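User: Could you walk me through this one? I'd like to start with the overall make-up and then look at the details.
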Amino acid sequence: MTEHLTVVDHPLVQHKLTIMRQRDTSTASFRQLLREISQLLAYEITRELPMTRRTIETPLMEMEAPVLAGKKLALISILRAGNGLLDGVLELIPSARVGFIGLYRDKTTLQPVQYYFKVPDSLEDRLVIAVDPMLATGNSSAAAVDLLKQAGATNIRFLCLLAAPEGVARMREAHPDVPIVTAALDARLNEKGYIVPGLGDAGDRMFGTK
Ligand SMILES: O=P(O)(O)OC[C@H]1O[C@H](OP(=O)(O)OP(=O)(O)O)[C@H](O)[C@@H]1O
Ligand SMILES: O=c1cc[nH]c(=O)[nH]1
Ligand SMILES: [Mg+2]
């Protein structure tokens, strides 16, 4: 991918996102819509995956058919809200390897606090797609990408649902080599570091917590 930021403006994505944003959308609908959108976003973020050809036999004849090239890609969920994107993407790419980075954002400092890290081996040979629905200050995603690079990853993409300009700028500065794919770029952060207009706290809306 050459663009640093790609906003997927497909009508289905935008319609589903509008329902997710609404205050009275239920936890069950929120989760289902996130799963659906995640697959449409995954389609975009995997658009330029390298391909190779393999000889196969159809019922009629042999052919050289296209298949994905290289090692299986790695999906990295930034816990816990990342799991809402992970499920859908994994349905589309069932052979992907999966890793988890546990981070939560301290409510006052807005700095990420790490509590878990487990990723697949040979990250240096894989396309790594980190998923987290919200890119707000960008502190969490920048820290997650730092950890992935420390673990050897060199080809990383970041998939989110909503981004704030502040978070995109933070990522561009810290990790200019990491393309971002999102469903929307919102206006700004509010004084508590929430994306506005946004959709609230993605993890809470997904899991019914407060
Ligand atoms: O860009 P930032 O300002 O760092 O904010 C974004 C982070 O905040 C949310 O996670 P949260 O800390 O609420 O944890 P959760 O997923 O467990 O709810 C979200 O899922 C991101 O990880
Ligand atoms: O608006 C925001 C900002 C950070 N995390 C969220 O879940 N929502
Ligand atoms: Mg949260």
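Analyst: Over residues 7-209 the chain is 34% helix and 30% strand, with end C-alpha atoms 29 Å apart; helices (H or I, at least four residues) and strands (E, at least two) are DSSP runs, numbered from the N terminus. This is a predicted model, in which local features need pLDDT of at least 70, side-chain atom pairs count only at pLDDT 80 or more, and totals for chains, interfaces and linings use all residues. Residues are numbered from 1 along each chain as its sequence is written, while chains are lettered from A and ligands numbered from 1 in the order in which they are written.

User: ok, and at what angle do α1 and α2 cross?
Analyst: The axes (lines fitted to C-alpha atoms, for helices over the stretch in contact, with angles from 0 to 180 degrees between N-to-C directions) of α1, residues 11-21, and α2, residues 27-45, come within 10 Å and cross at roughly 155 degrees. That makes α1 roughly antiparallel to α2, a label for angles over 145 degrees.

User: Switching topic, which residues come nearest to ligand 1?
Analyst: They are Arg105, Ala136, Thr137, Ser140 and Gly203, out of 23 residues around ligand 1, where being near requires a C-beta atom, placed from the backbone, within 6 Å.

User: Which elements supply at least two residues of that shell?
Analyst: Those are β5 (97-105), β8 (134-135), α4 (139-150) and α6 (202-207).

User: And what's around ligand 2?
Analyst: The residues around ligand 2 include Ala81, Met134, Tyr194 and Asp201.

Definitions and conventions: Parallel < 35°, antiparallel > 145°, perpendicular 65-115°, else oblique.
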